[in-house]
Amino acid sequence: MRHIVKHSVLLVACLMTSMSYAVDKSKEEMAQEMGKALFFDARLSFNNTISCATCHNPDTAFADRRLTRANGVASQGADGHAFGDRNAPTASYAAFSPRFHYDEKLKQYVGGQFWDGRAETLANQAGGPPVNPAEMMMPDAKAVVDRLKEVPYYKETLEAIYGGDVWNETDKAYRAVTETIEAFEKTKDFSTFDSKYDRFLKGEYELTIEEDLGRTLFFSNNNVNCSTCHLINRVVEDPKETFTNFQYRNIGVPANPKLIEVHGDPNFVDQGLAANPNVKDKEAQRGKFKVPTLRNVAVTGPYMHNGVFQHLRTVIQFYNKYNDPKDNINPETGLPWAPPEVEDNIALDELKAVALTPAKIDALVAFLETLTDKRYEPLLEEIKKQEASKK
C-alpha cells in the first residue's frame, strides 16, 4: 500500500508541476488534466492513503488487484480494515454508459454507473467514494472541498474553468471537482480500442482457429446468446463495440461467502437495481445488476457484482448450467452450484441457449481474451501463467 501511495504522490506532483506551466489550454484540456491529477491524488481520502487509482489501477485495466484478505472480491477502504459490499468494476470504457434512465421502448432501466446505476453519470460516480465510510472516508463534501482548495493548482485551475466564485458554494465546488474527474475518464487513457479483436477488424491480426470459433459462437444467436446482453450497437463487429447493452439483469448469481465474511453482515442480501433510489418498481428489479463491459474481461476478475467467481471459464460454465444438466458442479468449489442470492426476476428466457461442449467453452474464453487492450496483454499472460501453476 505504501508503494502505491508513494507512486501516486510522485505522479501527482509531476502532473501539477508540468501543468502549472501550460498556456493557451482549452477549458476541456484543463479539466482533463486536473481530473487526472485528482484521480491519482490520495488527498481525496481522509487519512491520505488511497486514491481513485487505488481501486481502479490503470496498470491493471482500472480494476483492483490488490492482495488483501478479501482476495479481490471487494476493495479495502482507507483505514485498511473496512471493505465494500460489492466488487469494484473496471473503470475502462465506463464513459460509454449513457445517463441512467428508464427506456420506455425497451421497458428497461439503462445506463448509469455502479452495479445498480445509482450514479446517473461518471461525475456523480466520482463523488461517491470520497464520502463513503467504507471507502475514502471523508466526513462530507465540504471536507473534500476545503482540503482541495488549499492546493494552489486545484484552486487556480477550477477557477479558470468555472469562474472565480466556484469555491464559494460547497455543492458547486464539489460538482466541479467531480466533473474534472469525469473529463479525465472520458479520455483515451480509459478506452483505447486496440485489442487483438480491434486489430483483427482492421486486418492487422489473424485470429487463431480457437479464437475464431469463439467469435462465431459469441455473435451467433443460435448458440450461446451472448450478444443479447453484450452488444449495444446490434451491428456485428462494430469497431466501437463496448460489449454491453448497459441494461440490468438477474442471472441467478449466488451469494459470495467471502464477501459476506469481509463485509461483516451475515444477513446481507444484495438487492441490486432495487437498491437504486431512482427506481420505482422495486420488486421487479430485485437481483438485477448492470451488464458489464467485456472489454478487458480476461484481466479484471474476480467476476460478477460480488466477485463470487475467480475464473472466466467458471463464468461461462455458470451460464452453461442453465442449458446443460451435466454441468452441475462449480469447478472452483467442487460442489453443486449454489442457489441464487435473489431468486426473483431471473432472466431465464435470455439464458436459454445450446449446451456447450468443453471445447466450445475454451473457444469462448479464447475469444474473450482477444478483447484485452494491447497494453494489458502482458498482464493477461501473467494471469494465465499464475492460473496454470495452481493446477
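The model is predicted: local features need pLDDT of at least 70, side-chain atom pairs count only at pLDDT 80 or more, and totals for chains, interfaces and linings use all residues. Residues are numbered from 1 along each chain as its sequence is written, and side-chain values use heavy atoms, with hydrogens and water left out.

**The two domains**

Select residues 27-114 together with 122-190 for domain 1, then 196-381 for domain 2; such bounds come from an automatic or database domain assignment. The centres of the two domains, taken over C-alpha atoms, are separated by 26 Å. Contact means heavy atoms within 4.5 Å, and 35 residues of domain 1 touch 40 residues of domain 2 in this way.

**The second largest pocket**

Next, select Arg 65, Gln 310, His 311, Ile 383 and Glu 387, which lie nearest the centre of the second largest pocket among its 39 lining residues. On a 1 Å grid over the protein atoms alone, a pocket is an open set of points with protein on both sides within 12 Å along at least five of seven lines, a cavity is a set where a 1.4 Å probe fits but cannot get out, and lining residues have an atom within 4 Å of a point. The pocket holds about 1,100 Å³ of space; a volume is the space filled by probe spheres set on the points, which are joined across faces, edges and corners.

Now colour helix 13 (312-320), helix 15 (358-369) and helix 16 (377-389), each of which supplies at least two residues of this lining. Helices (H or I, at least four residues) and strands (E, at least two) are DSSP runs, numbered from the N terminus. The largest share of the lining, eight residues, comes from helix 16. Domain 1 and domain 2 each give at least three residues to the lining of this pocket.

**The largest cavity**

Select Ala 63, Asp 64, Gly 72, Ala 74, Ser 75, Asn 87, Ala 88, Thr 300, Gly 301 and Pro 302 to show the lining of the largest cavity. The volume of this cavity is about 50 Å³, and the structure holds five cavities of 30 Å³ or more. Here too, at least three lining residues come from each of domain 1 and domain 2.

**A pair of helices**

Show helix 9 (residues 209-219) with helix 15: their axes come within 7 Å and cross at roughly 95°. Axes are lines fitted to C-alpha atoms, for helices over the stretch in contact, and angles run from 0 to 180 degrees between N-to-C directions. Helix 9 and helix 15 are therefore roughly perpendicular (65 to 115 degrees) to each other. Among the residues that meet are Leu 213 and Phe 218 in helix 9, and Leu 364 and Phe 367 in helix 15.

**Two backbone details**

Most residues other than glycine have a negative phi, and most peptide bonds are trans. Return to Gly 301 and Pro 302, where the peptide bond is cis, with omega near 5°. Pro 302 lies in the loop between strand 4 (289-290) and helix 13. Finally, select Phe 193, in the loop between helix 7 (170-185) and helix 8 (196-201). Phe 193 has a positive phi, near 50°.

Terms used:
Angles under 35 degrees count as roughly parallel, over 145 as roughly antiparallel, 65 to 115 as roughly perpendicular and the rest as oblique.
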